[in-house]
Amino acid sequence: MEILDLIQSNLLTPIVLFFLFGIVAARVKSDLRIPDAISEFLPIYLLAAIGLHGGIEMRNTGLGQIAAPMAVAVALSLLFTLNHYWILRRLGRFNMYDSYALASTYGAVGAVTFSVGLSFLAGQGLESEGYLAAVLAVLEPAAFILAIFMANMAAARQARKRGPAGGPAGGPAGGPAGAPRPRMASVLRQSVTGKAIAVLLGSIVIGYIIGKEGFEPISVVFDEMFVGAIVIFMIEMGVIAGRRLGDIREVGVFLTSFAVAVPTLNGLVGVLAATALGLSTGGAVMFGLLLASASFIAAPAVLRHAIPEARPGLYITSALGITFPYNIIVLLPVMLAASVWAHGLVGGTP
Amino acid sequence: MKLYPVKLLTVTCEILARDAVISILEGRGVTGYTTYEVAGKGDRGVRGSGLEGEKNAKVEAVVREEVLTGLVEEISQKLFADYALVLYVADVGVARVEKF
């Protein structure tokens, strides 16, 4: 019953309530919106706050601890991305482009989900390892790079099969419409220099340099306002998710189940792996959340450019409309219970 | 005042196709263009409200007639299939034709 209690108390946090309120507002066709500039600013703010905290803590704990969790997280994320592709292509019968796009959306991480996870833990009086911010920065592009690389290879293979008319030799050949595939290097540059990764890496470095004393004067903005800022952003997320509720029908039963089952599996594997690696109870939850979350802000920007054939309606609606609410409302408490249980098994401190 | 006839090419598209449109324009020697962020409704539903990447953009460029056909062909070949995009051309007059 402990899990149900956790879910129930999580439902009554301001973050979840404002998210649900946003959905209701959209459903009754209220014109409630957070102004564009603010809803574009808030993810940058959240990432800056996460990065600063991460950097400060990495200075305290040293950089040595990061290597093993980082390597395991990247390996799991890539493995999961391949597994998603297999499930979607073979079992779900999605076309190749949709499969790659969805596989990487679910292999990548959601920065907003990560922020909600941090405040969920804070509400439970738990902390997590600060270096997970660095893992967030590395995982974000990893799944995209793998999926885009494989989509390009597959498209080139198809073009070769069709014969030399498919496209110029050397470069990756075109799709059915004859559009040239974007080069890997430009996709790589775009995902690594994109604003999300840029602000996250920048703030980690700055946090590492300034340390605890340097953070003191800006902590009002980057610490005390953090949860409040998420709450404001949740109104917008709720409104957008609410407007997309009707699209869920188009997503279909298979993808809807995928959007719930896959994060659950990935998240629980993540919690167990992190516990085995010696992360704290809260750290294991965040590690699981990194692997469970799907990207819905960064993904469209990268994927529309890299795999334009894939239907954005599918990957945005499933990631934002289904997986995000499921993760913050149900999966977070479930992973916390799993983490407490796993730490009990290995005899670690809860 | 004498006005010289040229063409105004307008592309209304999802904002994530804007850079591709601009690079096609520049690749064919178009030296100037204007972009706006816009909202509207079309084939792919109401666009322009929601996440950043779901906005629409409008790209306008004044071009000479001789480059127009190639431009329109390249845009339709590369972008029509995969992006929300509408393209139209109008006859306009400019005072300083040497700018275009």
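The model is predicted, so to speak of a local feature I need pLDDT of at least 70, and side-chain atom pairs count only at pLDDT 80 or more, while totals for chains, interfaces and linings use all residues. Residues are numbered from 1 along each chain as its sequence is written, chains are lettered from A and ligands numbered from 1 in the order written, and side-chain values use heavy atoms, without hydrogens and water.

First, the interface. Chain A gives 21 residues to the contact and chain B gives 15 residues, where contact means heavy atoms within 4.5 Å. Between them the chains bury about 1,400 Å², 52% of it on carbon and sulfur atoms; that is accessible area (1.4 Å probe) lost on being put together, summed over both parts.

There are three salt bridges between chain A and chain B, each a side-chain nitrogen of Lys or Arg within 4 Å of a carboxyl oxygen of Asp or Glu. B:Glu14 and A:Arg304 meet in a salt bridge, at 2.7 Å from N to O.

Now the sheet. Four strands of chain B form an open sheet with antiparallel pairing, in the order E2-E5-E1-E6. Strands are DSSP runs of E, at least two residues, numbered from the N terminus, and two of them pair if DSSP finds at least two bridges between them. The edge strands are E2 (34-38) and E6 (85-94) of chain B. Strand E1 of chain B, residues 4-14, pairs with E6(B) over 10 bridges. In E6(B), B:Val92 is the bridge partner of B:Val6.

Note on methods
Buried area is the accessible area (1.4 Å probe) that two parts lose on being put together, summed over both.
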